[in-house]
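Please walk through this model with me. We begin at the ligand, move to a strand and the aromatic rings, and end in the loops.

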Amino acid sequence: MQKRFRSIVVLTGAGISAESGLGTFRDKDGLWTKYDLQEVATPEGFARNPVLVHDFYNARRKNLVEATPNAAHYALAELERRFDGQFLLVTQNVDDLHERAGSTRLLHMHGELLKIRCESCDSVRVWRGDLDLATACPDCGTSGGLRPHVVWFGEMPLYMDDIAAALDTCDLFVSIGTSGQVYPAAGFVAEVRRGGLAHTVELNLDPSDGFSLFAEKIYGPATEVVPAFVTRVLAGG
Ligand code: BV8
């Protein structure tokens, strides 16, 4: 079968984890409707009220360890395994459902909920339990300086050079489960279009802010539209 694509970049957002029971951010009763993102997802908010921020992330960590990957996560792991070209999955999500579904060519551009970082010694560690101001850094022993290893608003997203390189050379860019409101992730489709090479596809429950920038749009729940799309790509379509 003649292969249609040689190099795929997939971007995911909170919508791919919605059917695993993890809240999205901007949907009805989404996280940002319950919490003020300025208070819990900015360095200023953390400096002002670290207890509130620790409570916010402790609750999300508890939620995550109860959740399981869904058919959309598994379909992307299968695409990575069976696609014989270049593949990169970039996620805005801080959950580990892609890893648990088997994805390995994966970059968490907004960090990871199950990791913490010490602001004194910069060490990053896996951390699945609660975190509070009294917790001492396992590496340098300092307490009060541990934070979730996530990228807050106003902070530099991670792996931007690797992501830019992959966007420049891909011939298929797929955006899944994101409202297209957070930059620089929301700008990736425009970056890919500037190269003029790639086919661009949006898979979402409903049109994102950037829907008009995509050559192809497929709407529906991720657990339905993602497996079908992966089957099509693997069949050369
Ligand atoms: C930066 C980690 C400089 C923490 C997050 C004015 C204009 C433009 C930009 C800005 C501006 N003012 C400030 C900025 C920059 C700012 C920004 O974009 N603000 C926005 C709000 C305007 N960005 C930043 O600060 C970033 N840093 O810019 O640094 C820079 C720039 C370039 C290069 C270098 C440096 C840092 C942003 C990261 C913030 N951290 N998360 C945490 O998670 O606690 S952001 C947070 O939003 C999550 O990461 C989340 O993934 C992300 C995006 O949200 P979505 O994933 O899209 O989720 P959302 O709820 O919005 O949408 C869900 C979608 O799923 C919906 O469309 C829905 O229809 C769909 N869906 C629902 N159910 C399903 C489904 N789809 C399929 N199936 C379903 N079942």
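A backbone N or O atom of Gln92 lies 2.9 Å from an oxygen atom of the ligand. That is a polar contact, meaning a pair of N or O atoms within 3.5 Å; within protein, one must be able to donate a hydrogen and the other to accept it, and residues adjacent in sequence count only if both atoms are side-chain atoms. Val151 also places a polar backbone atom by the ligand, 2.7 Å from a nitrogen atom. For Leu205, a polar backbone atom is 3.2 Å from a nitrogen atom of the ligand. In total, 35 residues surround the ligand, each with a heavy atom within 4 Å of it. The closest are Arg26, Arg60, Gly154, Thr178 and Ser179.

A word on the source. This is a predicted model: local features need pLDDT of at least 70, side-chain atom pairs count only at pLDDT 80 or more, and totals for chains, interfaces and linings use all residues. Residues are numbered from 1 along each chain as its sequence is written, and side-chain values use heavy atoms, with hydrogens and water left out.

Turn now to strand 7 (residues 172–176). Strands (E, at least two residues) and helices (H or I, at least four) are DSSP runs, numbered from the N terminus. Five of the five residues of strand 7 are buried, so the strand is largely enclosed by the rest of the structure. Buried means under 20% relative accessible area, exposed over 50%, and partly exposed in between (1.4 Å probe, protein chains only). In a regular strand the side chains alternate between the two faces of the sheet. Here both faces are covered. Leu172, Val174 and Ile176 are buried on one side, Phe173 and Ser175 on the other.

Which strands pair with strand 7? Strand 1 (residues 7–12) runs parallel to strand 7 and is joined to it by five bridges. Strand 8 (residues 199–204) is also parallel to strand 7, again with five bridges. Pairing requires at least two DSSP bridges between two strands. On the strand 8 side, Ser175 stands opposite Glu202. From strand 7 the chain crosses through helix 8 (residues 188–195) to strand 8, in a right-handed β-α-β crossover. Right-handed means that, with the strands pointing away from the viewer, the path from the first strand over the helix to the second runs clockwise.

Next, the rings. There are five aromatic pairs. Rings of Phe, Tyr and Trp (its six-membered ring) pair if their centres lie within 6.5 Å; planes under 30 degrees apart count as stacked, over 60 as edge-to-face and the rest as tilted. Phe56 and Tyr57 have ring centres 4.8 Å apart and planes at 80 degrees, so this pair is edge-to-face. Both Phe56 and Tyr57 are buried. Arg147 lies over the face of Trp152, 3.8 Å from the ring centre. The test is NZ of Lys or CZ of Arg within 6 Å of the ring centre and within 35 degrees of the ring normal.

Finally, the backbone. Most residues other than glycine have a negative phi, and most peptide bonds are trans. The bond from Tyr183 to Pro184 is cis, with omega near 5 degrees. Pro184 sits in the loop between strand 7 and helix 8. Asp122 has a positive phi of about 65 degrees. Its relative accessibility is 55%, so Asp122 counts as exposed. Tyr159 has phi near 60 degrees. At 37% relative accessibility, Tyr159 counts as partly exposed.
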